[in-house]
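I opened my notebook to look up a few things in this structure. Here is what I went to see, entry by entry.

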Amino acid sequence: MTGKDFYRQAKWSEPLIFELSSEGRVGYRLPDLDESIEREIGDYRKIIPSNMIRDNPPSLPEVSEVTVIRHFTRLSQMNWGVDSGIYPLGSCTMKYNPRVNEILTSMMELTNLHPYQPVETVQGILEILYKLQKWLAEITGTAAVSLQPAAGAHGEFLGVLLMRAYHKYNGELDKRREMIIPDSAHGTNPASARMGGFDVVVVPSDENGLVDMEALKSSVSEKTAGLMLTNPNTLGLFEKNIVEIARIIHEAGALLYYDGANLNPILGKVRPGDMGFDIVHINTHKTFSTPHGGGGPGAGPVAVCERLAEFLPVPIVDYDGSKYYLNYNLPHSIGKIKGFYGNISVLVRAYCYILSMGFDGLKEAAELSVLNANYIKARLEKLRGLSLKYAPQTPRKHEVVFSASPLLKETGVAALDIAKNLLDSGVHAPTNYFPLIVSEALMIEPTETEPKEELDKFVEGLKRILDEAYSNPEAVKKAPLKTSVTRLDEVKAAHPQTMALTYRMFLKSAGVKRDV
Ligand SMILES: *Cc1c(COP(=O)(O)O)cnc(C)c1O
């Protein structure tokens, strides 16, 4: 079943967990702490530093187990996730997260580890991390990997710091102040470059949606620190001049950075290192199927070519032929950018994913992600109201960006209205209004984990909306109607003064004075 009658989201009037609290109620039953154990550890007040002991316990909700489970189950029913259905958010790669990786990662042998344990007692996890470093180096065609960064943007920041360290080492940092970034780039690229202390120079895209080579040549100079490039770019197009681009950048003494948030379409096909890139960041939560989470913790490993290896953060996990160890001996290391070795539980999921897929499996995932994107392209390109701004004849890689500009002009219905309306079909909206170079952008990335039926459901949903936009545009603008939360005030929803992300913020916005 597809279309309008397929979907209706749960709509609970769910109170906050704090409002469900009742004094003295607990969610567990455990035997009293055995006196002998207490005798063994002694009085905890003597172990914990006195300035860290609270007089009053924190004000936490007091609820039974069944209350907690029902509360969060109901909240989950008012949400949409990749476990509910297709989630074709371009650039974000919302592929399915296989459960076997979750099961393996929650094994007690892993969850009970402590980062301060002596290395002899953690050889197993070090082996996992070591192999993951090796595999990521192999997949990207690079020499060395740091697993420390906690997200893609954090990896970018590390990459930019590595560029700094490299130019400083060569005595050129004072003159190399500029980072070149194409106008199709993800917003985190210029942000990371800026945070790393560089000035951003934007190069435009040409009429085919690729880096404009003449503009690039005239932007590169002895002031250039590096170029940050996404390939395939955010339009889903492969930068076919990459070898020439690498030559131009390297001849100018600058470094080439690869935004590898989306390695999906190139896995086992081409490698950034072979294309000439010096630094690569990888989003495990996109390509390697680890959960995106609510903003973290994540992992954004960074891979580098040989000449940058000694600048990486410490420690790197190494192997001396008989045992694994933490290598702090990197002469020009930029230091640390995250505690310990990174977010282990996320990295282990990525390890499990790569291990279970194998080289052939990864390659097949890449092929199917491209096939799915081109199936969507083929089915949508004939629809009235949508257009492809760049290279309409060129096959896409993992994603395709349509413009709803014709529809807006003809009916007054915008990309945002389409996105909101799709939710009523039991389909998550694609990314919209990004990349910035496509007006009324709908950026669609189906991923390889969607079967044809789900792709068809997406296409049918979109078709229905376009038809309705021409017959009854006002109705389209009212959506969504079948979701637990209907159309939001876009400004209020994103405004720091009206957002209540914590209970404390909620109480403040409601004018309640209470210490929590
Ligand atoms: C998602 C993404 C990033 C940023 O990654 P985060 O993990 O969200 O910080 C950077 N570049 C591209 C192309 C992306 O799609």
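**Helix packing**

I began with H14 and H15, where H14 passes H15 in a right-handed crossing. (A crossing is right-handed if the near helix is turned clockwise from the far one by less than a right angle, and left-handed if anticlockwise.) Helices here are DSSP runs of H or I with at least four residues, strands are E runs of at least two, and both are numbered from the N terminus.

I noted that this is a predicted model, where local features need pLDDT of at least 70 and side-chain atom pairs count only at pLDDT 80 or more, while totals for chains, interfaces and linings use all residues. Residues are numbered from 1 along each chain as its sequence is written, and side-chain values use heavy atoms, with hydrogens and water left out.

Helix H14 (residues 415-422) packs on H15 at about 125°, with the axes 10 Å apart. That makes H14 oblique to H15. My axes are lines fitted to C-alpha atoms, for helices over the stretch in contact, and angles run from 0 to 180 degrees between N-to-C directions. Angles under 35 degrees count as roughly parallel, over 145 as roughly antiparallel, 65 to 115 as roughly perpendicular and the rest as oblique.

Next I checked helix H12 (residues 344-380) against helix H15 (residues 452-471): their axes come within 11 Å and cross at roughly 30°. H12 is therefore roughly parallel to H15. This crossing of H12 and H15 is right-handed.

**Ligand site**

Which residues come nearest to the ligand? I found Ser91, Ala153, Asp259, His285 and Lys286, out of 13 residues around the ligand (near means a heavy atom within 4 Å). The shell has 3 nonpolar, 7 polar and 3 charged residues, and helix H7 (residues 152-169) gives the largest share, 3 residues.

I then looked at polar contacts (pairs of N or O atoms within 3.5 Å). An oxygen atom of the ligand lies 2.7 Å from a polar side-chain atom of lysine 286. For alanine 153, a backbone N or O atom is 2.8 Å from a ligand oxygen. In asparagine 262, a side-chain N or O atom is 3.3 Å from an oxygen atom of the ligand.

I found a cis peptide bond from asparagine 231 to proline 232, with omega near 0°; proline 232 sits in the loop between strand E4 (224-229) and helix H10 (242-251). Alanine 479 and proline 480 are also joined by a cis bond, omega about 0°.

Phenylalanine 340 is not a glycine, yet has a positive phi of about 55°.

Note on methods:
A polar contact is a pair of N or O atoms within 3.5 Å; within protein, one must be able to donate a hydrogen and the other to accept it, and residues adjacent in sequence count only if both atoms are side-chain atoms. Ala, Val, Leu, Ile, Met, Phe, Trp, Tyr, Cys and Pro count as nonpolar, Asp, Glu, Lys and Arg as charged, and the others, Gly among them, as polar.
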